[in-house]
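Dear colleague,

Please find below the structure that I am handing over to you. My notes on what was found in it follow directly after.

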Amino acid sequence: MLFRSFSVQAMAGIAVGGDLEAVVEAITAMEEVDYTVVVAGRFDVIVEIVAEDVEHLITIVGRIRDLPTVSGVELFTYLRLTKQTYNWGTR
């Protein structure tokens, strides 16, 4: 079995000008997206993307931009992850 290395992570803020639920459903179905949140404010959706490399990240962002009613994507590429925990629900 071949294992792929995923060395690039980014958050993306996504603005939607139409059917929000359709966009959320399409993005959530992408295997590279591991976190999706509907938010209020400048963006409508925030997602975390895990990619193999920068070229893979560009491809994923292009797929998101191509979704109907997506009006903008702003990318926040991780330079260094300094803390990540998932124990907030188990204290």
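I begin with Glu21, which is exposed, its relative accessible area being 54%; here exposed means over 50% relative accessible area, buried under 20% and partly exposed in between, with a 1.4 Å probe and protein chains only. Glu21 belongs to helix 1; helices (H or I, at least four residues) and strands (E, at least two) are DSSP runs numbered from the N terminus. Between Glu21 and Val37 there are 12 Å in space, C-alpha to C-alpha, and 16 residues in sequence.

Please note that this is a predicted model, in which local features need pLDDT of at least 70 and side-chain atom pairs count only at pLDDT 80 or more, while totals for chains, interfaces and linings use all residues. Residues are numbered from 1 along each chain as its sequence is written, and side-chain values use heavy atoms, with hydrogens and water left out.

Overall architecture

The protein chain contains 2 helices and 4 strands, in the order β-α-β-β-α-β from the N terminus on. Its C-alpha trace spans about 35 × 35 × 25 Å along the principal axes. Of the 91 residues, 31% are buried. Among contacts (heavy atoms within 4.5 Å) with a separation of 6 or more, 69% join residues 24 or more positions apart.

In soluble globular proteins, nonpolar side chains tend to be buried together. The largest nonpolar core here has 21 residues, and Ile14, Ile27, Val47, Ile49, Leu57, Ile64 and Val73 are those with the most contacts inside it. At least two residues of this core come from each of strand 1 (8–16), helix 1 (20–28), strand 3 (45–51), helix 2 (54–65) and strand 4 (70–77); strand 1 gives the most, with 5 residues. Such a core is a set of buried Ala, Val, Leu, Ile, Met, Phe, Trp, Tyr and Cys residues joined through side-chain atoms within 4.5 Å. Beyond its neighbours within four places in sequence, Ile64 is in contact with Ile14, Ile27, Met30, Ile49, Val70 and Val73.

Helix 2

The end C-alpha atoms of helix 2 are 16 Å apart, which agrees with the 16 Å that its 12 residues should span at 1.5 Å a residue; the expected span is 1.5 Å times one less than the number of residues. His56, Leu57, Ile60, Val61 and Ile64 are its buried residues. They lie on the same side of helix 2 because they cover an arc of only 135° around the axis, the arc being that of the directions from the helix axis to the C-beta atoms. Strand 1, helix 1, strand 3 and strand 4 are among the elements that cover them.

Charged residues

A salt bridge is a side-chain nitrogen of Lys or Arg within 4 Å of a carboxyl oxygen of Asp or Glu, and by this rule there are 2 salt bridges. Glu32 pairs with Arg63, with their closest N and O atoms 3.3 Å apart. This pair links distant parts of the chain, 31 residues apart: Glu32 is in the loop between helix 1 and strand 2 (33–38), and Arg63 is in helix 2. Glu32 is buried at 8% relative accessible area, whereas Arg63 is partly exposed at 33%. Arg42 and Glu74 also form a salt bridge (2.3 Å, N to O).

Finally, Glu48 in strand 3 is buried yet has no salt bridge, and the nearest side chain of opposite charge, Lys83, is 15 Å away; Lys and Arg count as positive and Asp and Glu as negative, while His and the chain ends are not counted.

With kind regards
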